[in-house]
Amino acid sequence: MSEKTTAEKPATAQATKATLQYDGKSYDLPVHVGTEGERAIDISKLRTSSGLITLDNGYGNTGACQSSITFIDGERGILRYRGYPIEELAERSTFLEVAYLLIQGELPSKTQLESFTQETTIHTMLHEDFSRFFGSLPKDAHPMPSCAAAVGALATFYQANESDEEVRRSVIRLLAKLPTIAARSYKHSLGQPQIYPSNNLDYCSNFLRMMFAVPCEPYHVDPLVARALDVLMILHADHEQNCSTSTVRMVGSSRANLYASISAGISALWGSLHGGANQEVIEMLEQIAASEGSAEKFLTRAKDKNDTTRLMGFGHRVYKSYDPRAAILKKLCPGILARMGGSSQLLDIAMKLEEIALRDEYFVSRGLYPNVDFYSGVIYKAIGIPVNMFTVMFALGRLPGWIAHWLEMRKDPQFRIGRPRQIYQGATKRTYVAMDQRS
Ligand code: ACO
């Protein structure tokens, strides 16, 4: 069992307020201070008192909730789950232990972890009727929407999911079944028979076997590969209010059930500016390798405002310094590549791109550093995960974070349905024009 560390003393809460002057009037707004000293002006009552709303495209400077799950300091490259630094968790913990930590709020005792692992292990099977579900998808269906649809479909198999105990069971089912769904989505995309889960393997080994074994053939899981996957999943397990997590919260805020909310999160993660970036990183590296183009030439295109090319895996809404997860993965790459005996060409190109970019004024002045996706794809590829499964791998890792946020929101005394405002910029009132009189 990992030893418990004493939480750092929270910053003293300061009962301060901010004053907004507008149109000759002044409005007092409460200021909330987080345990790490972050401050936020509470504008939730501003509209009632002044008629004003706030505008923040992409929610770049908007706190949507108060949360105790994950702390990020993007300027200093800090990431902590429930107070524990990501570096320590990646080195000393396991994915299921981290999942427990995120969901329950504390590291598990030995007995708690055993029982959590046992429950997660014995619910890995999918209902046999899922055969018809997968059978109805196109034969070359991309595994990511297959996963999103299958997770949504779980709500039709488990319809009682309102009470605390039912929600607890849904949490276990999701953690247990998502690897099975993911591997099955992949096997379906290949037209291969599914491999049933094996309850005597650990979480990642079981997943690797379901992905890569073929019926009637022995399959040996390399413990180094299983551990690398475990670390990757730990690094992806939560990242506070990112696009997919906010989606899970938003969908869940209507009191939609956990399966529906997680399914929406998977869809949000699919996009190339979010979880889809790791696929794009590999495609970018392969494109550079195939065209024998230099890293310098590619970076020139990435900086050109008339060119839509971006240096994928670089830049982050929150990190304006090195993403600590990218640093851990960069260190993991050489060992995995050596073990798998593959070419290091893509890693070499990635490191070259990074080296040049971090000396380039364009990237430095904008605070653009490698993010988690820059090196994750190199590892996935080395261990044989196909490119179309990269975002699915991300979803497997992010699942405990989504669940933790959904549960936290459900118990939040400040809970309200998510419903932003807008500044309307369309036509003012017009009179309907009959069809024959329209030009
Ligand atoms: N390559 C080149 N220029 C970039 C890049 C990049 N990867 N990222 C940002 N910039 C530039 C923008 O063009 C912009 O320049 P400007 O100020 O001259 O207009 C400036 O840096 C700020 O960029 P924004 O897009 O405004 O930053 P935002 O916070 O909205 O976007 C994002 C963050 C989406 C991650 C962006 O950096 C990006 O597209 N990166 C590549 C995709 C990627 O790696 N996504 C994965 C993110 S991590 C994750 O989701 C797990």
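This is a predicted model: local features need pLDDT of at least 70, side-chain atom pairs count only at pLDDT 80 or more; totals for chains, interfaces and linings use all residues.
1. Overall architecture. The protein chain contains 18 helices and six strands. Its radius of gyration is 24 Å, close to the 22 Å that the globule rule gives for 439 residues, so the chain is as compact as a globular protein of that length. Along the principal axes, the C-alpha trace spans about 80 × 70 × 55 Å.

2. Of the 439 residues, 47% count as buried. Among contacts with a separation of 6 or more, 71% are made by residues 24 or more positions apart.

3. The accessible surface of the protein chain comes to about 23,100 Å². Carbon and sulfur atoms account for 52% of that surface.

4. Strand β1, residues 16–22, pairs with strand β2, residues 25–33, in the antiparallel sense. The pairing runs over seven bridges.

5. Which backbone angle deserves attention at D23? Phi of D23 is near 55 degrees, a positive value in a residue other than glycine. Most residues other than glycine have a negative phi. D23 lies in the loop between β1 and β2. Its relative accessible area is 70%; because exposed means over 50%, D23 is classed as exposed.

6. The three-stranded sheet. An open sheet is formed by three strands in the order β4-β5-β6, with antiparallel pairing. Its edge strands are β4 (70–73) and β6 (84–85), each of which pairs on one side only. Strand β5, residues 78–81, pairs with β6 over two bridges in the antiparallel sense. In β6, P85 is the bridge partner of R80.

7. T180 in helix α7. Is T180 buried or exposed? With a relative accessible area of 3%, T180 is buried, because the cut-off for that class is under 20%. This residue has its place in helix α7, which covers residues 164–190. Leaving aside residues up to four places away in sequence, T180 touches T124, L126, P197 and M210.

8. T247 in helix α10. T247 is found in helix α10, residues 243–252. Not counting residues up to four places away in sequence, T247 touches A264, G265 and A268. The C-alpha atoms of T247 and K177 are separated by 21 Å, the two residues being 70 residues apart along the chain.

9. Where does E240 lie? E240 is placed in the loop between α9 (223–236) and α10. Although E240 is not a glycine, it has a positive phi of about 40 degrees. A reader checking backbone geometry may wish to view E240, with its phi of about 40 degrees, alongside D23, with its phi near 55 degrees.

Key: Residues are numbered from 1 along each chain as its sequence is written. Side-chain values use heavy atoms; hydrogens and water are left out. Helices (H or I, at least four residues) and strands (E, at least two) are DSSP runs, numbered from the N terminus. The radius of gyration is taken over C-alpha atoms; the globule rule is 2.2 Å times the number of residues to the power 0.38. Buried means under 20% relative accessible area, exposed over 50%, partly exposed in between (1.4 Å probe, protein chains only). Contact means heavy atoms within 4.5 Å. Accessible areas come from the Shrake-Rupley method with a 1.4 Å probe; for residues, only the protein chains shown count as cover. Two strands pair if DSSP finds at least two bridges between them.
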